[in-house]
Amino acid sequence: MDNIRLTPDRMARLAGINASRPVKVIAVTGGKGGVGKTSVSANLAVSMASRGRDVMLVDADLGLANVDVVLGLRTRFHLGHVLQGACALEDAIVTGPHGLQVVPGASGYKRMANLTPAENAGIVRAFSDLYHQVEVLIVDTAAGLHDSVMTFSQAAQHVLVVVCDEPASITDAYALIKVLSREHGVQRFQILANQTRKSGEGPALFEKIKRVCDRFLNVTLEFAGSVPYDDYLRRAVQHQSAVVDTYPASISSMALKKLAAKADTWSAPQGARGHLEFFVERMVGAQMGPATVLQ
Ligand SMILES: Nc1ncnc2c1ncn2[C@@H]1O[C@H](COP(=O)(O)OP(=O)(O)OP(=O)(O)O)[C@@H](O)[C@H]1O
Ligand SMILES: [Mg+2]
């Protein structure tokens, strides 16, 4: 008799909803190379972890992975090994500062865009098993408009676009927003101005991008804030540590911690949308084509 009792967990499962905690998925992207995606992802992840959240940072830059290098972590396996079945996702995870869990990127592994059905099933299973350990999943994406960038951004609930006040960065960010909105159904973007050099530069940069987007695209842009140019951030990268830990009083550190506090207030997903299985299914669906993506 006991084994047919309807516990809340079982009821939720019967209703098709997992009773585990919802997972907030944030994709950090930007279009142009070198704008600061990895620095922002790593420091946002470390800051949110230090605020007591269970955070996982996934390095989805499959060409030039370096989240583990930036944080000075020793790794044995990476996402590519997981996809090849050479190890389980748990084996690839390394622990960073404040209990942050890091999934190292698959440097040089370019097959993410066309995984075999077995690999798709494998990655869904691998991430699904982790849902109970993760509250916030931060994905550091590659530069450019690669399939992997589209896949991860489309699957996330919050897309953070890192932009610098220079023409190439603005053009590339616009191109990324355009493709994500027109071809991948992403309508909301958080804009973060990075490497700003004077006060007022961030809001002005945001207004510049918003004006063009409002004119030509059907999107909603929100200003996530500004991170000033800061030599302490560069110094922290050289020491392979997060600036928020090594130089907590520096200007970039203060701004990144403010971003973490803000990201903490971004709405957590409700119901089935919030679970990692759902995130991974959307990821896999995106690879199979828009028609198969769960909405
Ligand atoms: N706010 C900042 N102040 C000073 N330097 C910064 C800042 N943000 C990033 N940088 C520096 O810019 C360089 C590029 O940063 P990062 O690797 O984070 O960019 P990225 O967008 O991830 O690059 P890629 O496209 O190659 O993945 C690094 O040397 C980093 O230290
Ligand atoms: Mg990077």
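# Briefing: Burial, ligand contacts and salt bridges

Glu222 is partly exposed, with a relative accessible area of 31%. The structure described here is a predicted model. The protein contains 13 helices and eight strands, and 54% of its 295 residues are buried.

**Overall organisation**

- Among contacts with a separation of 6 or more, 76% are accounted for by residues 24 or more positions apart.
- The protein has an accessible surface of about 13400 Å². Carbon and sulfur atoms contribute 53% of that surface.

**Ligand 1**

- There are 18 residues around ligand 1, and those that come nearest are Gly36, Lys37, Thr38, Ser39 and Asp230.
- A polar backbone atom of Gly34 lies 3.0 Å from an oxygen atom of the ligand.

**Helix α10 and its ends**

- Asp230, one of the residues that come nearest to ligand 1, also takes part in a contact at the start of helix α10 (residues 231-238). There, a side-chain oxygen of Asp230 reaches to within 3.0 Å of the backbone nitrogen of Tyr232.
- Just after α10, Gln240 adopts a positive phi of about 55°.

**Asp140, a buried charge**

- Asp140 belongs to strand β5, which spans residues 136-140.
- Although Asp140 is buried, it has no salt bridge. The nearest side chain of opposite charge is that of Lys37, 6.4 Å away.
- Beyond its neighbours within four places in sequence, Asp140 is in contact with several residues, including Val28, Thr38, Ser41 and Val67. Its contacts also include Val58, Asp59, Ala60 and Asp61.
- Lys37 and Thr38 are both in contact with Asp140, and both are among the residues that come nearest to ligand 1.

**Helix α7**

- Helix α7 (residues 147-155) is largely enclosed by the rest of the structure, because eight of its nine residues are buried.
- The buried residues of α7 are Ser148, Val149, Met150, Thr151, Phe152, Ser153, Gln154 and Ala155.

**Asp172 and the Gly31 segment**

- Asp172 lies in helix α8 and is partly exposed, at 29% relative accessibility.
- Asp172 and Gly31 are 141 residues apart in sequence, with a C-alpha to C-alpha distance of 4.9 Å.
- Leaving out residues up to four places away in sequence, Asp172 touches Gly30, Gly31 and Lys32.

**Salt bridges**

- Side chains of opposite charge can pair when their charged atoms come close. The count of salt bridges comes to seven.
- Asp264 and Arg53 form a salt bridge in which the closest N and O atoms are 2.9 Å apart. Asp264 is in helix α12 (residues 251-265) and Arg53 is in the loop between α2 (37-50) and β2 (55-59), so this pair ties together parts that are 211 residues apart in sequence.
- The two partners fall into separate burial classes: Asp264 counts as buried at 18% relative accessibility, whereas Arg53 is partly exposed with a relative accessible area of 31%.
- Asp264 and Arg53 also belong to a network of salt bridges that links them with Arg51 and Glu135.
- Lys208 forms a salt bridge with Asp165, the closest N and O atoms being 3.3 Å apart. This pair links distant parts of the chain, 43 residues apart: Lys208 lies in helix α9 (residues 201-216), and Asp165 lies in the loop between β6 (158-163) and α8 (167-184).
- Both of these residues are partly exposed: Lys208 has a relative accessible area of 36%, and Asp165 is at 34% relative accessibility.
- The side chains of Arg188 and Glu222 meet in a salt bridge with an N to O distance of 3.5 Å. Arg188 is in strand β7 (residues 188-196) and Glu222 is in strand β8 (residues 220-228), so the pair ties together parts that are 34 residues apart in sequence.

Terms used: Residues are numbered from 1 along each chain as its sequence is written. Chains are lettered from A and ligands numbered from 1 in the order in which they are written. This is a predicted model: local features need pLDDT of at least 70, side-chain atom pairs count only at pLDDT 80 or more; totals for chains, interfaces and linings use all residues. Side-chain values use heavy atoms; hydrogens and water are left out. Helices (H or I, at least four residues) and strands (E, at least two) are DSSP runs, numbered from the N terminus. Buried means under 20% relative accessible area, exposed over 50%, partly exposed in between (1.4 Å probe, protein chains only). Contact means heavy atoms within 4.5 Å. Accessible areas come from the Shrake-Rupley method with a 1.4 Å probe; for residues, only the protein chains shown count as cover. Lys and Arg count as positive and Asp and Glu as negative; His and the chain ends are not counted. A salt bridge is a side-chain nitrogen of Lys or Arg within 4 Å of a carboxyl oxygen of Asp or Glu. A residue is near a molecule or strand if one of its heavy atoms lies within 4 Å of it. A polar contact is a pair of N or O atoms within 3.5 Å; within protein, one must be able to donate a hydrogen and the other to accept it, and residues adjacent in sequence count only if both atoms are side-chain atoms.
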